[in-house]
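Welcome to a short tour. Please open your viewer, load the model, and keep the selection tool at hand.

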Amino acid sequence: DDDGLAAVHWAAMKGHKDVLKYLIEGAPENNRADPTLLDKDSWSPLMWAVFMAETTAKETSKRKSQCDVINYLVKFDAVNEQLHTSDRLLHKTPKELALDVARQTDEAIVVAVKGTWESSKTYGPLKEDGKGRGA
């Protein structure tokens, strides 16, 4: 759809474990859904299931359906790797996250954002310590 949601997201969001199971395991092999598929906002089916479980806290039957979906999804190694990656990101300080981004960014962009870009300097990729030439 327009939000990048696939059937696997909708099934997880609505708590339809059997539909999700069919999409991931029962559909023809060349058309199976990926349980780690991200929508355009980088939300996975698991993230949607957890979000919906939290928002339906007062509705016991809906919450149970969401928990069934969550328990089903976490059995996949790929989903667990996605969780591990998310956990690593969540436990970093803002400075560590900024350095990670900076290491993957061109030095010229970083110094321009800092307001220290000079047209007379030559910029390249950032050095491993997160500090670039002229930064």
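Which residue follows α1, and is its phi positive or negative? Select G15: this residue comes after α1, and its phi is positive, near 75°. Keep in mind as you look around that this is a predicted model.

**The whole chain**

Now colour by secondary structure. You will find 7 helices and 0 strands, so simply follow the elements from the N terminus as α-α-α-α-α-α-α. Of the 135 residues in the protein, 28% are buried. Next, show the surface: the protein exposes about 9,100 Å², and carbon and sulfur atoms supply 55% of that area.

Select residues 7-14, which form α1. Its buried residues are V8, H9, A11, A12 and M13. Display the surroundings as well, and you will see these buried residues pack against α2, α3 and α4.

Move on to α2, residues 17-26. Here L20, L23 and I24 are buried. Turn the view until you look down the axis of α2: the buried residues fall within an arc of 85°, so they line one face of the helix. Their cover includes α1 and α4.

In soluble globular proteins, nonpolar side chains tend to be buried together. To see this here, select A12, L20, I24, V69, Y72 and L73, the residues with the most contacts inside the largest nonpolar core, which has 15 residues. Two or more core residues come from each of α1, α2, α3 (45-55) and α4 (60-73). Which element gives the largest share of this core? That is α4, with 4 residues.

Zoom in on V69. Leaving aside its neighbours within four places in sequence, V69 is in contact with A12, G15, H16, K17, L20 and A49.

**The largest pocket**

For the last stop, select L38, S42, S44, L46, M47, V50, V79, Q82, L83 and S86, which line the largest pocket. About 180 Å³ of space lies in this pocket. Both α3 and α5 (77-90) supply at least two residues each to the lining. The largest share, 4 residues, comes from α5.

Definitions and conventions: Residues numbered from 1 in each chain as written. Predicted model: local features only at pLDDT ≥ 70, side-chain atom pairs only at ≥ 80, totals over all residues. Heavy atoms only, no water. Core = buried A, V, L, I, M, F, W, Y, C linked by side-chain atoms within 4.5 Å. Buried < 20%, exposed > 50% of the residue type's maximum accessible area, 1.4 Å probe, protein only. Contact = heavy atoms within 4.5 Å. Arc of directions from axis to C-beta. Areas by Shrake-Rupley, 256 points an atom, 1.4 Å probe, with all protein chains shown as cover. 1 Å grid on protein atoms, 1.4 Å probe; cavity = no way out; pocket = protein on both sides within 12 Å on 5 of 7 lines; lining within 4 Å. Points joined across faces, edges and corners; volume = space filled by probe spheres on them.
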